[in-house]
Amino acid sequence: MEPGAFVLAEAFADDPLMSYFWPRTQRRRRALPLFWSSRIASRRRNGLVDLAYDAEGKLACVALWEPAGVVSSMAKPLTLLRATGRGTVRVLAAARQLDQARHGTPQWYLAAIGTLPRAQGRGLAAQLIQRRLPSAGQPCFLIANSRDLVPFYQRFGFEPQGALPIGHGPVVYPMVRT
Ligand SMILES: CC(C)(COP(=O)(O)OP(=O)(O)OC[C@H]1O[C@@H](n2cnc3c(N)ncnc32)[C@H](O)[C@@H]1OP(=O)(O)O)[C@@H](O)C(=O)NCCC(=O)NCCS
């Protein structure tokens, strides 16, 4: 398992998109570490994996980026398939929608960020976002998985670009920082 997989699994335990992929709580709990392990491995291969630690030195926040011009290939496909199981078609359809929303201008992509619930509100996510924004020097893109997250990203200069309904699931919010 990639370091960081359990951090993102815990951070995203009740996320609307993850709940659409795995509606049953127990199933989601088992799937998320596998899912995030694959996603982290992809960015380790093509992209950036940024980590932040709590006051005791324990890993508590993970951010996954793709620099402009980089689209990460799929790593650990079997792990991902184990995670998605019978929901594979749904996950792939959603991934296609998310990719299409990103398509176009060369821009940095903040693919995911999550902080352990017990470590939230201590500036860890802000630290990781701010570490990359100045070096990006180009537009940055992300997708907020719920309307509640839009104000969080606005703090860093991202602006919503409309609303995107994912299949029969949640509405997500593409955002750009120019
Ligand atoms: C969103 C998330 C990454 C923020 O992580 P965090 O480490 O708690 O964030 P920070 O402590 O760096 O917060 C920075 C600032 O944003 C504020 N903030 C946090 N969540 C916010 C929200 N939803 N809306 C507005 N402001 C928010 C904090 O209060 C803090 O303000 P301050 O600097 O004035 O104290 C975290 O809540 C999380 O992991 N959520 C679950 C996973 C998730 O939804 N990820 C994003 C998917 S698109």
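This is a predicted model: local features need pLDDT of at least 70, side-chain atom pairs count only at pLDDT 80 or more; totals for chains, interfaces and linings use all residues.
Figure 1. Lys76 belongs to the loop between β2 and α4, and its phi is near 50°, a positive value in a residue other than glycine. For comparison, most residues other than glycine have a negative phi.

**Figure 2. Helix α3 and its kink.** Helix α3 is made up of 21 residues, residues 25-45, and from its first C-alpha to its last it reaches 30 Å, which is close to the 30 Å expected at 1.5 Å a residue. Within α3 there is a kink of about 35° at Ala31, and this kink comes shortly before the proline Pro33. Just after α3 comes Gly47, whose phi is positive, at about 145°.

**Figure 3. The packing of α3 against α4.** Helix α4, which covers residues 77-84, packs with α3 at an angle of about 150°, and the axes of these two helices are 8 Å apart. The two helices are therefore roughly antiparallel to each other, since angles over 145 degrees count as roughly antiparallel. The crossing in which α3 passes α4 is left-handed. On the α3 side the contact is made by Ala31, Leu34, Phe35, Ser37 and Ser38, and on the α4 side by Thr79, Leu80, Arg82 and Ala83. Ala31, which takes part in this contact, is also the residue at which α3 is kinked.

Figure 4. When residues up to four places away in sequence are not counted, Ile40 touches Glu2, Gly4, Ala5, Val49 and Leu64. The view can also take in Ala75, which is 35 residues from Ile40 along the chain, with a separation of 8.5 Å between the C-alpha atoms of the two residues.

Figure 5. Cys61 lies in strand β2, which runs over residues 59-66, and it counts as buried because 26 C-beta neighbours are found inside 10 Å. Leaving aside neighbours within four places in sequence, the residues in contact with Cys61 are Val7, Ala52, Gly114, Thr115, Ala119, Leu124, Ala125 and Leu128. One of these contacts, Leu124, is 63 residues from Cys61 along the chain, while the C-alpha atoms of the pair are separated by 6.4 Å.

Definitions and conventions
Residues are numbered from 1 along each chain as its sequence is written. Helices (H or I, at least four residues) and strands (E, at least two) are DSSP runs, numbered from the N terminus. A residue is buried if 20 or more other C-beta atoms lie within 10 Å of its own, exposed if 12 or fewer, and partly exposed in between; C-beta atoms are placed from the backbone. Two residues are in contact if their C-beta atoms, placed from the backbone, lie within 7 Å. The expected span of a helix is 1.5 Å times one less than its number of residues. The bend at a residue is the angle between axes fitted to the seven residues ending there and the seven starting there. Axes are lines fitted to C-alpha atoms, for helices over the stretch in contact, and angles run from 0 to 180 degrees between N-to-C directions. Angles under 35 degrees count as roughly parallel, over 145 as roughly antiparallel, 65 to 115 as roughly perpendicular and the rest as oblique. A crossing is left-handed if the near helix is turned anticlockwise from the far one by less than a right angle, and right-handed if clockwise.
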